[in-house]
Every structure is written in structure tokens, then in C-alpha cells.
Amino acid sequence: MQVLDRRLNPGGKNLENRQRFLRRAKAIVQQAVRQASKSRDISDILEGGEVSIPARGVDEPRFHHGGGGIRDQVMPGNKKFAEGDVLPRSGGGGGGGSKDGGSGDGEDAFRFVLTREEFLDLFLDDLELPDLAKRRLAEVEHEGIRRAGYAVSGSPVNIAIGRTMRHALGRRIALRRPSPQALALLEGRLADCGDADGRAALQSEIAALEARMRRIPYIDPIDIRYRRFENVPKAVAQAVMFCLMDVSGSMSEHMKDLAKRFYMLLYVFLTKRYRHVEIVFIRHTDRAEEVDEQTFFHSPATGGTVVSSAFEAMRRIVEERYPPDDWNIYAAQASDGDNSYSDGALTAGLLRDHILPVCQYFAYLEVGDADEGGESVASRSSLWGVYDSMRDGGQPIAMRKVTNRGEIFPVFRELFQRRQANEKVAS
Amino acid sequence: MTTDAMERLYEGADWDFPILQRLHDACENIALKELGLDVYPNQIEVITAEQMLDAYSSVGMPLYYRHWSFGKHFTQHEALYRKGLRGLAYEIVINSSPCTSYLMEENTATMQALVIAHAAFGHNHFFKNNYLFKQWTDAEGILEYLNFAKGYVAHCEERYGEAVVERTLDAAHGLMSHGVYRYPGKKKLDLREEEKRERERREHGERNFNDLWRTVPLGPAKSLSELSVERRRSLLGLPQENILYFLEKSAPRLAPWQRELLRIVRQIAQYFYPQGQTKVMNEGTATYVHYRIMNRLHERGGISNGDFLEFLQSHTNVIFQPGFDDPRFSGFNPYALGFAMMRDIEQIVTEPDDEDRHWFPEIAGAGDPMPVLRDIWANYRDESFISQYLSPRLMRQMRMFQLHDDPAITEGIKVEAIHNERGYHRMRRELAKSYDVGWSDPNIEVVDVDLVGDRRLILHHHVVNGRLLAEGEAARVLQHLADLWGYDVLLREIGPADAVLKEHSCSPKGMALAA
């Protein structure tokens, strides 16, 4: 015989197979998720749900019997059944619940349900905040602890009682520790017993049992198990996202709806993807105010339009709370593009001198009415013109215009698509 | 048995290579001298958890061709393992000569002893002696053949592109369960020959290649219409239950390399065919052998009391059989049933009671259990083993009962038999039948091809007890089949008295496999 040590052989023999599988699975599901999200309302997206993926997916079909038909089955563990008993069928019908329930539509696609987490994961998979962590990686922090099996040593608070008792019970059975009942039985017999010889025999038997019980403890230190935990360290980057929304009177209901959808998506994306991103909500009319998310999304406001007020508010907040050296700063602005004429120069100046220098990335979303055209339309808004010239000057601004709901997802994706390292942010 | 004391084999949980060697030698001594086992030479390999996962996903084989489905299995196993939902097997053993057993490095010394006894002697003996394995598998050639298969698939991928190779393999895998011969053929499988055959054929093709042949005009095609159905069927070797074999030989539009891929999948399926039919026996044998060996080692002082307790714990875990109403229940545990039956036979042979004498007159009281067991291990498969040797005592102990589910009985499911005098025979027959692959796998065969017409391939599924195929999946497998065949495919489900219960038909998808 031969003993070989294979441990040093290169591992990852299945790496190639795994990659092939992932390629196959991921592309399919992701595509399906995109497809599904186009036809959905934003609140539905948060719910996750059913997606169908093409049959040439990741299942491995085989010929096998479906449900139905006469079948006999032998099983262990009968407790009370007698021959000839008839047991009512439970809802699904006896034993053979077929796995491919919806076989009717199994022709071209099969469906499966994704949880909210899975859905969002896939939906947001290749999105990211650009240039994150360029500034400074925050110190390594412990992301808490996670269960990691059992150990034979540990702190008393972590004793795994179930596991310990199971070991103890197994050991007691294996070593034949006398049960208290057996002892009680003998003692009962002793009490009833009349003749001296019998008593002596019983007494010695009891003494032997007791000695055995003492020798084999109820719980032995070797039985004890502790729950084991381990720390999972993770590096984090600090980031803050400023959401600047125009809620002035010139914004129609439709436009506000588009803007809110956009921010909702952004909000979901950030909270889901980055645990350490802070979000600052600023809404403005001719005055800007910092609000909480409830107000931002749900409470109405109206007035004139002074965009610089929002930038001013942002600048102030950055100064007070988010030193640019330590924070990655992002901003997303949504507006219909109207601004008061007098404010144009001030807005451009603020943006150029104070906002853009501290920002990693600035996304501008212009919302329009449903009957308007896309970005190419000649009627450029005043803000669009200002930003456009700045973008041409090499500033990290990305701009998109949306006019109806269906465009929100694609535009959002474009704005936050993961980029190759050498690709420019400004597009 | 008298105890001929031996030295303690190890102390504590740690092991090293000399200890493995000592364990192996001690186990070997007992296995060969006391149990009279007959084994292939052993090769023991120590691997890590990750390597174990690797081995898992390629059905335990140390090397395999590349395919995404192995990656899928790996990902599943890995996810379960990482979450702590499932431990890994302590070993994997391969039916090859020398017989390779993989041991995990994390195992304690006791576990290594258990695993060596279980795999390197229990399974090993079974592989070498059971008639199914002797008939169907070629233990000497399998590793070389897998190596050839791996190389061949890689070569095809390089030459014809990954996508089309993958599609061919997908389709072949779908038909894998219907790519085996169920009855022994004329000659034994010789996997070494396989590789040589393929190489020679290719060389022959290359030597005789002459482009001029392409330009030679062909005579007028012979009309096939006068061929009688009988003649046509006999020319094609129909009916044929080995669908992959039929496609390999007769599918009109496959390239030669695709036929070779089908052949590879088919050969491997055939190699695994006995394992599916002997789960209970194979595990029962291995578990019984490790139980005997470990007990002997303990008796003789080779294993300390504490370590023996550890062994008992893993042993009881392995042979745990939850009842039907337990959430953990998923059918009979082959280890539990197999081990219980082996122990039961041991008791019948050594200390029979009247019932045993009545039920098993030929083995009851034979005295020494080992010759009886060795004979059983060599000459039975699960189905025949259970129908012959499941004893009333064991049926009582496991409290077996039989349910009869007939959709025609609307009141519900009937309890057909329980563990009483009237039920023993019926239950034993039913349980044995559930281990019969001929019964549990759908019986599908190729029956005809419309050669003069649209070349439609016709298959029949012989329906027993009204159990039809699962429709959705059948349609997908049929799609694979149609892609390989290149023309339409029709599957009829034939009930009693040749009534057609259902028809599935399928056309090859636009992107056919064959050029």
C-alpha cells in the first residue's frame, strides 16, 4: 500500500468549471432581472419577485417519472397504522409532488422566485460609485462576528448546551451509566424485601451501581462544547452622497415623480451596496434646506427657483461635516433645468470653484415632460447649457435627460455603471 | 474471540504518516486474516477540504473533462459547506486498481482509522468481488480512460469551439441515464482499448484522406421504400434502449468528434451504472467491515476507550435512520438499512431463532458469518439482496409499513401492509422493487425511424402503473435529443394494451448541433 500526500497539489481544479457555470448562470439571471425591472414599478423592485430565465439555462434535465399513477412505497417508523387504514391525502397529493409544477409553460422558460436581496443584488450588480476610496481607506474595522462551528474550549457564556448534552448523553449510554430509575427500582425492592440474604445482595448491587454512577459523571469536561465565533475584518471607505432636488413650481407633477423615482433608486442602491455611505438630502426652491428622507420623498413644497441656494447649502454642509480629505463626496442633482437668470453666473461659479473640486462625481439628471424629446432637442435648458460647457472643460460631470418613467432605469444604470479604470467618468 | 493484545496504534487526535501506515497495516491484518476479504492494492491519498469539494463535484473522480455542470455542483456543495449546513464526507473511494481512497486532512486519527477500514477494505472488497462491478467496470482502465476523455474534450474545444462542445455535452448528459446497457453484452468493457481505437480511427482517416473522392459523382441513391419495416429495424438494431449508443451509431448529422463525445459520456455512464444498483449493499458492506475492524482493534487494545467512543459517535451518526414523519426523513438511509441487514444476517447465521430457521433455512445456523456474507456481497445487487435477505425481525425493528397510493381511490392513501405475518412478503417485494433500476427509471427505447419520409425518430416509453414522465423536463431532454438527431423526434407513452397515453414531439432548434 501507498500513502500519498496530495495536499500540496495545486487546488482549484474546478476553477475553470466554476467560472463556466458562473458565466452561464449570471448572465442569464441578470438579463432576466433587467428585463423584469423594466416593466415594474419602483416599489415592486424593492419586493423582488419572480423572474423567468430561458430553458437553456442551468438546469440539467433527465427523463424521470412525474407525479400521478399508482405507486407503492415502503417506509420505516410506523407508529399506529394498521393494515387497511386509509390516510387522507394532504393538499399536494401523495408523495410524488412533482418538482416542475408549471410544466405547461416549461417549454421555453422556467420561472423562479428571487428574494428582495437577491433581486437587488443582481439588479445593482455592476453599478458602483466611481472612484470610491481614492481619498483614504478608513481604518480596518471589525464588521462584527460570525458563527464558526464548535470548539472544545471557550468562554462559559458560549457553552452550546444542546451540543454538550448530546455528547454527555451519548457517553452515558455508551459507558452504560446506570439510570436513576434503575437505582430507584432497586431501592424500592430493598424496602419491600424481607429476608436478610436478599437485602444484602440488593444492598451490594445498589452500592455497585452507585459506585458506577460516581465513576461515570453525568457531564464530563470532555462533553462540553462551546460555540465558536470569528471576527470578519473589512476595510471600508467613507462616502457621502448629496441628493439635490428641485421642487420649485416650475416642476410639474410628472417631473417631480421622475426625480423622486431616480432618488429612490439611488437610495436603494446606496443603502444596499454601501454600508458606510451617508446620504444628505437637500431640496430647494428659491431657498434650500436639508431634510430627512421622509420629507424629501413625501412632503410637498413649492416656490421659485434659485439653484445656487442648493449648492450653497451643500458647500456649507461639506465644510461643517465632511472634510474632503477624509470623505469621498458625490452629488446627484435633479431639476427641470430652469433657473432664474440672475442666478446663472453664481451657480456656475459655485459649482466650478466649490462643488466640483471636492466631488468625486457629479451626476445631473434633467427631467422633462412626457411630450418633450430627448437630449438632442434644441430647446436646451439654461442649466444644461452651463453644465455642458463645464463638462467640455473636463470636469467630472455626467448628464442625462429623462422624459418618461421607462427611461429611469437605463439612465440610472448608465450613470452608475461600473467603469474600466481608464475610462473617463465624464461621458 | 481471544484477545491477542496489540500495541496502542496512536495517542490523541493527531496523526502523521507513520500512524496512517500502522493503521492501514493493522486494518489489513484483520481484514485479510479474520474477515477473509480480497482487495485491490490500496493507495491512500491525503487531501484538503477544498480538494474534497473538487472531488465531490466530479462524482468523486480525480480527473474529469471540463463542463459547467461540475462547476454548478461544486458551487452548491461549497455553499452548503461554507454555511455549515453540511459537513464533508470523511472519504471518497474510487473503484480503480489500485483502489484510491481520499482521506481528509482534518480527520482525527480515529476517523482516519475508521475511514481506512471503511473505504480501503470495505468498499474495496466490494468493488473487487461484486458481480456487477466485475461485469461492467474496468477498474484497471478507468483513470487512463478519464484522462483520455479529458484530453479529447479539451482538444475538441480548441478545434471546434467551446460553445458547440458544451451543447453536445449538455445534450449527452441529459440522456446519460438512458445511455447504458442494462444487460451484459458479448464482451467486457475494455477502456484501454477505447483510447487506442479512437486514435487508430483518426489516423486511418488522415492517412486515407484524398480530396478527389469528394468530386466523384455518386450513383442514383437506392430507394429505401421497398425495405420492409422488419428489415429496416433490424438494420438499425431496433428497438434500442441505449439511446446514446443509437445516436452515436445512427444519428445522420453528427460530426465524428461528436459521436466520440457521446461515446465518452456513454462509457462513463456505464462505469457508474453498477454503483446506482448497489448503494445499500455497498455502504452496508463497508459499514459492516469498519464496524468489525474497529471493534477488533479496540478489543485488542489498538484503540483507547476514549477514541473508541469517538468512533461510536460517528458510527451512530452514519447509521441514523429517521422515521417517515421526521422532518429529516428522505427515504431509507442506505448505510442504516445496509448495516442493519448485514448485522441481521450475522445473527441469523450465528444465533438463529425458529423464525430465522423457517425463513432462511439455507444460512440459519451456518456458524461462521463471513463466508455467508462474502458470498452475498459477491452475488447480489440491492434489489435481489433485499428480496432475499430482508428478515421479518428487521422489518419489525424498523417498523416498516407500505403505502399504496392509487389516484383511483379517492378516499386517500391506503396502508397496504404493516410489519405482521401477512405483510412481510409483500413489503419485502415492494421494497426490493423500489431498488430495481429497471423499475425506478422510465423504460424508454428507440423503436423506429422514418427513413424514407422525414427521418423522424420514434421512441416509446412503456408506462407502468400509469406513471407518466415529468412533462416539463421530458420536453427539455427531448429537445436535446432532437438537436443531436437533427430531425424531428416523437416520444409516445405507451400504456397497457398498446394504448398511446400521451405524445411528446420536438423539432431541432434553429441552431442545430450538427453542421
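Predicted model: local features only at pLDDT ≥ 70, side-chain atom pairs only at ≥ 80, totals over all residues.
Reader: How many helices and strands does chain B have?
Author: Start with the make-up of chain B. Its secondary structure counts both kinds of element. The totals are 21 helices and 9 strands.

Reader: What percentage of the residues in chain B is buried?
Author: Chain B has 515 residues. Buried ones make up 44%.

Reader: What span should helix α14 of chain B have, and what do its ends show?
Author: Helix α14 of chain B covers residues 334-350, which is 17 residues. The expected span is 1.5 Å times one less than that number. That comes to 24 Å, and the end C-alpha atoms agree, because they lie 24 Å apart.

Reader: Which element gives the largest share of the side of chain A that touches chain B?
Author: In all, 56 residues of chain A are in contact with 79 residues of chain B. Elements of chain A that each supply at least two residues to this side include β1, β3 and α4. The largest share is 6 residues, and it comes from α1(A).

Reader: What is the bridge partner of A:Leu87 in β5(B)?
Author: Strand β4(A) is joined to strand β5 of chain B by 2 bridges. The two strands run antiparallel. In β5(B), A:Leu87 has as its partner B:Ile413.

Definitions and conventions:
Residues numbered from 1 in each chain as written. Chains lettered and ligands numbered in written order. Helix = DSSP H or I, 4+ residues; strand = E, 2+ residues; numbered from the N terminus. Buried ≥ 20, exposed ≤ 12 C-beta atoms within 10 Å, placed from the backbone. Contact = placed C-beta atoms within 7 Å. Pairing = 2+ DSSP bridges.
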